[in-house]
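Let's take a walk through this one together, sheets and helices in turn. Have the viewer open and follow along.

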Amino acid sequence: MRDDESKPREPWRITEPELDEPSPHAWVAGRVWRQRRQWSRFIFEDERAGGDIFGRGEDSARAIPVTPELFARAPVMPVPPEEPVPPEGSLEEQQARLRETHEVGAEWPPDRWPVCCRRLAVLTLVNPTAAELTAWEWRRRPLTLETLDDARYEGMLRRALEDVRADRLPYMSFNVFQCHACGRVHVRLAKYPKMAPSK
Ligand SMILES: [Zn+2]
């Protein structure tokens with residue numbers, strides 16, 4: 001099944017993709033792209049969000065450079081060799097790429113998109129299920145709390161990881177990015193509590 005290519009894709013028009021459909025963006029992993037376009041997955045996300053995700057786009061995504069502190073802290077993991085490396089560029093160029101990125105989040109408005117090694121980190125997992133997380137870790141290493149950008153929320157990530165691994169609806173959704181230039185893994189919570197100052 002294919003979209004009608006004569007029209008621009010609306011963020012909320014989601015169809016079942018062909019199983020080998022490639023991602024149109026080097027900064028969105030192929031399996032994330034395919035997952036985003038499955039109705040079954042969309043319904044799953046919608047339930048998590050309380051039926052509130054229709055119509056959300058990705059306009060708010062901000063390219064946020066990984067600071068030297070976070071660069072030193074983030075674990076380095078193997079990069080699947082078949083995955084492309086996103087292009088290098090200025091922060092403005094990366095922000096422009098995000099503006100043209102098709103919808104990939106659902107419950108998750110990707111507010112903070114890490115820029116590592118002057119490239120957009122690749123979105124490799126969105127609100128993973130237990131099976132998706134296991135498959136991801138099989139090719140890399142287990143996710144740890146050092147991947148998070150703000151240590152104040154490590155408890156939230158710990159609890160979310162416990163929930164996902166136990167196959168429960170997670171306490172907090174999160175998204176996993178990996179820099180395909182250096183292999184560093186950067187986790188961002190889907191929704192930061194309102195009291196958190198914006199970085
Ligand atoms: Zn990097």
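Over how many bridges do β5 and β6 pair, and in which sense? They pair over 5 bridges, in the antiparallel sense. A quick word on what you're looking at: this is a predicted model, where local features need pLDDT of at least 70, side-chain atom pairs count only at pLDDT 80 or more, and totals for chains, interfaces and linings use all residues. Residues are numbered from 1 along each chain as its sequence is written. Helices (H or I, at least four residues) and strands (E, at least two) are DSSP runs, numbered from the N terminus, and two strands count as paired if DSSP finds at least two bridges between them.

Back to β5 and β6. Within that pairing, F177 has H186 in β6 as its bridge partner. Both strands belong to an open sheet of 3 strands, ordered β4-β5-β6, with antiparallel pairing. β4 (122–126) and β6 are at the edges with a single partner strand each, so one side of each is left without a neighbour in the sheet. From one strand to the next, the twist averages 25° (axes are lines fitted to C-alpha atoms, for helices over the stretch in contact, and angles run from 0 to 180 degrees between N-to-C directions).

Now for the helix that sits against part of this sheet. The buried residues of α6 pack against β5 (174–178) and β6 (185–189), and also against α5 (130–139); contact here is C-beta atoms, placed from the backbone, within 7 Å. Which residues are those? In α6, M156, L157, A160, L161 and V164 are buried, meaning that 20 or more other C-beta atoms lie within 10 Å of their own, whereas exposed means 12 or fewer and partly exposed is in between. They cover an arc of only 130° around the axis, which puts them on the same side of α6; the arc is that of the directions from the helix axis to the C-beta atoms. The spacing makes sense, because an α-helix has 3.6 residues a turn, so residues three or four places apart point the same way. G155 and E162, on the other side of α6, are exposed. Just after α6, D167 takes a positive phi of about 65°.

There's another sheet to visit. This one is open too, with 3 strands in the order β1-β2-β3 and mixed pairing. β1 (62–65) and β3 (119–120) are its edge strands, each pairing on one side only. β2 (residues 112–116) runs antiparallel to β3, joined by 2 bridges, and V115 has L120 in β3 as its bridge partner. Helix α4 (residues 91–99) packs on this sheet, touching β1, β2 and β3, and its direction makes about 145° with that of β1.

Key. Contact = placed C-beta atoms within 7 Å.
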